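Please read it with the sequence and the coordinates at hand.

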Amino acid sequence: MSLSRRTVLTGALTAGTLTAGTLAAGGFPAFAQTARTFTSAKPARIVVLTPRKDVGDVLGLRDFIASSGLSATVEVREVPQASAMPTLLPEIRASKPDLVVTVFTPLTLATVGRYDDPDPSRFLTDVPVVFTSVTDPVASRVVRALDRPGRAVTGTRHIAPVAVQMKTMLSYRRWKKIAAVYNPAEDNMVVAVRDLKEEAARQGVEVHDAALPRDASGAPQAAAIPDLIADAARAGAELVYIGPDTLVASNNNAVVAEQALAHRLATFCSTELPIRRANLLMGLVSPAVNVGRFAGLKAVEILTGAKPADGIPVETLNRFSLLLRIGAAKQLDLYPPMRLLNIAEIVQDA
Amino acid sequence: MKLSFIRRLNWMLTGVVSVLMLVSLAVQTNHVNTLFRPLIEPELARKAEVVGSYVVAQIDRAVALGFELDKLVGVDELLSDALAANPDVKYLALEIGGRLHAFSGTEEARSGTRLTVADAPPDGESPQFLDTVLPLEGNDEARLHVGVDSGYVRSAMNEVVFDLGSVLIVAILLNIEILLLVVGSSVAAPLRRVTAVMKQAADGHLGVRVALRNRDEVGELSRAVDWALDSVQHKADMSASEPAMTKIGMMQRVVELRFAIFIFSLAEELTRTFLSVYIKQLFEPVPGLSMEMVIGAPIALFMLLWAVSQPIAGSMSERRGRRAVFLGGALLSFVGLVGSGLATDLIQLVVARCLTAIGYASVFIAAQGFVIDATDPKQRAQAIAMYAGGILSAGVCGPAIGGVIAGQVGFRTTFLISAGLALLAAFMAWQVLPRVRAAQAKSSRGLRLADAALCLRNPRFVGLAVFSAVPAKLGLTALLFFLLPLALDDQGVSQSWIGRVLLLYWLLMIVVSPMAAKLSDRSGQRIGFLVAGGLVAAGAAWVLSMPGSLGTALAGVALLGVAHAMLGAPQLAMLADVCVKERAALGETTVIGMFRLIERLGSVIAPFLAGLFLAHYGYAGALKGIGAVLAACVAVQLLLSALFRPRPPADLPQRTPA
């Protein structure tokens, strides 16, 4: 006897599955035959550039490399602002790393530049780079195509396809109007919201565009978030959508959650951390630790020479976790449907 | 040929078998409640509990997370998911404080927001559902109800009863076949021969001998009689100038051949319930033709080849001997049936079916020829009736057994079993049929186009053959062989049930035919019978087209059986009446042969017509359409018989050929 979980979200999401974890367990016999070997006397040097040291991607990456049996040192450098990269690059280049890992889109772009505008003086071009949790590496021009990056830059994405996200939102309730709150200065968000609107139109859902306004100097105004959400509520939106947005999702998730609750709006987020941190209702995410492990696999493949660095495709984990915050559901008096509840990972209020 | 001995034995054995089976049926049914139900019901309840506790666990989890039970969202979906995964469960209901909060399943179990199954059933009735109740955490008033159909036990039992019923009928018929074979060939026929010899001897022909080689009591008797005759003849010292004792030994072979024919017909009848469904499975699109037409093609082609090859095989069997043609035909059918079972596409199946058709035509015409050879004109009608009885019995047994076999081992294996039966029939014929060519083989002329023209110039013959006999065959093939199996299969009716439905037709033919024959002879109302039979057949098609799968199918098939039973005897009697001139010119056999050939055209066009209707109007429309065609034929027949009164020689002198 089995109640089918397939019916809910076409197999796109399963609670708590660890795809990359299973990869780690098997070991990698192919490493023994590779040309470039790293020993404990001369381990591989991996430099990780991340806005914060405690993100799941970094934990997963370190965990995977440690368990892979590859002899390597992992040096994590915290780079809070992508704009600091140009000044850091000469030093990193001088330290002669065997591989560089970048976390999130802004740092990745600041490190490798665009594939169609490679400038060796401004970007790292002579070291293989593995990125992790980059929303849309093609739209951001990090790589030419997902299956053929075209240079020694590859990595992992962490966002579920927009159709699956939409399906998840609609399995909770049949929303008629959703509001997308995002930073228009982030290229990947512009792409993400465009895709969202297209899918919403297919599903007969209206999207209320709540892009952050810019000030006189063109800088996006995070302070406008409360007003944007109030406007969205007035316009009849029932749910606030936040994408993989550094300014809105990473830095202002608490404000979004608080304001949405105040206006009795549901919230959906496509990345993990904001849901774990703030009082958001739900999210469909690749757990960052798993995305980091997946990036670790790609790093190991490059360092052992198992695959050429420019021939490894950019990939997304094909399983996602549905996160539900019970507290928010109760506060909103929006009980999750039993089918969703059964497959969700429950996030309890701290 | 009287079969009083066999008949008595048969009734006795059949009676014993029937009583035993009925007693066992009664005992079994009676034991359902005392034995079967107590075994099954705890199993069902346990299953309900497993399904229920799985649902309860999910609801309890939600409650443990702090959600309020009566505000949970999507419990209905949860229940219907569980229901979909467990077809045995008929309903799932979440009840809080006596009110239904969520429900999924059959509407019979509730009325409004109340669960009706919890109520006590009316006195004496067992409840329709077994209701299992599970408590939920966090709310003392909340219950999850899981309902399992208590009729499950009953319907399983009914299935057994119906199977036993079919087996009973088949057993009775098999009984008759085997008795006919065993008693007829080793007791009755030899005894009859002894009797005949004694009568001849009594008349003074002392040279006759029984000359049986049976190694049994009858054989002993015959040898004793022969010895007695030897000694009498020796004493009387009479020279042998004896009349030929022909044909008597042949009768024994006719009895044995009937069994071979029964087995051979069974081979075809086994595949009756599923042939059209099987063809549909192998269907591949043919440009310009609808699916239904393509499905009809193999059946139509089969009938056409059967009709065309019958006269050819008939004249060949006169030249080459009945045995050779019978054996050749049986082997051809064997190859065709094996091919049908192994066919991977429609073309292969069509080729295999064509071989089978030629084989059937050869076997039946050769067997019929042998029966005619082997009998005196006086015995012939009875002998043919007996031989045809084997075919009818197979019609009853075949679909019933075939449906069960196909349900168990699949279509393809059933074809292979059929092929085995065809081979078995060939083996029997190899033993039974005389090796030598029938010396007295009459060179009866084959059918010629000129003969057909002669017959067809007689409007009363046309009325009878084209508008009574053709529609009868058309109705049989279109309704029973083509549309009904497809329609029932489409409705999800099991092969066993389709077999039982088809069985009913033959059963009624067997039971009603003799009565109808007697009645029509006594009343002399032949045209009346033909018209009534035709209308009943049209009505049968109309009944079959009504919604409601099994009941109407049974009623319609029963009607069709009655209708066709009403037609058989009056048709032949009418034929003799309306074709006085033709019979004189061509001989009786040729006229009947012509009639049968024309009649078969109905079977040939039936699948095409039915397929055409089916493509355009669906099952109900196609069945109604066939009914309309049948009714129209009755009208034309009435018109023709009104326009051209009896005594055609007087009325239509100009039409009589020189």
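This is a predicted model: local features need pLDDT of at least 70, side-chain atom pairs count only at pLDDT 80 or more; totals for chains, interfaces and linings use all residues.

A salt bridge is counted here where a side-chain nitrogen of Lys or Arg comes within 4 Å of a carboxyl oxygen of Asp or Glu.

## Salt bridges in chain B

Over all chains, the structure holds 27 salt bridges. Because B:E43 and B:R46 are three residues apart in helix α1 (residues 4-64) of chain B, about one helical turn separates them. B:E43 counts as partly exposed, at 46% relative accessibility, and B:R46 likewise counts as partly exposed, at 47%.

A second pair in chain B is formed by the side chains of B:E269 and B:R272, which meet in a salt bridge at 3.1 Å, N to O. Both B:E269 and B:R272 are buried. Salt bridges that share partners join B:E268, B:E269, B:R272 and B:R353 into one network.

B:L180 has its place in helix α3 (residues 151-202) of chain B. Is B:L180 buried or exposed? With a relative accessible area of 5%, B:L180 is buried, because the cut-off for that class is under 20%. B:L180 and B:N10 are 170 residues apart along the chain, whereas their C-alpha atoms are separated by 8.7 Å.

## Overall make-up of chain A

The secondary structure of chain A comes to 14 helices and 13 strands. Chain A has 350 residues, of which buried residues make up 55%, and its accessible surface comes to about 14300 Å², with 52% of that area belonging to carbon and sulfur atoms. Among the contacts in chain A with a separation of 6 or more, 76% are accounted for by residues 24 or more positions apart.

## The parallel sheet of chain A

Six strands of chain A form an open sheet with parallel pairing, in the order β2-β1-β3-β4-β5-β11. Its edge strands are β2 (72-78) and β11 (315-316) of chain A, each of which pairs on one side only. Within this sheet, four bridges join strand β3 (residues 99-103) to strand β4 (residues 129-132) of chain A, and the two run parallel; A:V103 has A:T132 as its bridge partner in β4(A).

Helix α3 (residues 56-68) of chain A packs on the sheet and touches β1 (44-50), β2, β3 and β4 of chain A, its direction making about 170 degrees with that of β2(A). Helix α4 (residues 85-94) of chain A also packs on the sheet, where it touches β1, β2 and β3 of chain A, and its direction makes about 155 degrees with that of β2(A).

## The mixed sheet of chain A

Seven strands of chain A form an open sheet in the order β7-β6-β8-β9-β10-β12-β13, and here the pairing is mixed. Since β7 (206-211) and β13 (345-347) of chain A stand at the edges with a single partner strand each, one side of each is left without a neighbour in the sheet. From one strand to the next, the twist averages 25 degrees. Strand β10 (residues 282-285) and strand β12 (residues 321-325) of chain A run antiparallel and are joined by four bridges, and the bridge partner of A:G283 in β12(A) is A:L323.

Helix α6 (residues 162-172) of chain A packs on this sheet, touching β6 (177-182), β8 (239-242), β9 (266-269), β10 and β12 of chain A, with its direction at about 150 degrees to that of β10(A). Helix α8 (residues 225-234) of chain A packs on the sheet as well, touching β6 and β7 of chain A, and its direction makes about 160 degrees with that of β7(A).

## A salt bridge across the sequence of chain A

In chain A, a salt bridge is formed by A:R277 with A:D54, the closest N and O atoms being 3.9 Å apart. A:R277 lies in helix α11 (residues 272-277) of chain A and A:D54 in the loop between β1 and α3 of chain A, so the pair ties together parts that are 223 residues apart in sequence. A:D54 counts as partly exposed, at 48% relative accessibility.

How values were computed:
Residues are numbered from 1 along each chain as its sequence is written. Chains are lettered from A and ligands numbered from 1 in the order in which they are written. Side-chain values use heavy atoms; hydrogens and water are left out. Buried means under 20% relative accessible area, exposed over 50%, partly exposed in between (1.4 Å probe, protein chains only). Contact means heavy atoms within 4.5 Å. Accessible areas come from the Shrake-Rupley method with a 1.4 Å probe; for residues, only the protein chains shown count as cover. Two strands pair if DSSP finds at least two bridges between them. Axes are lines fitted to C-alpha atoms, for helices over the stretch in contact, and angles run from 0 to 180 degrees between N-to-C directions.
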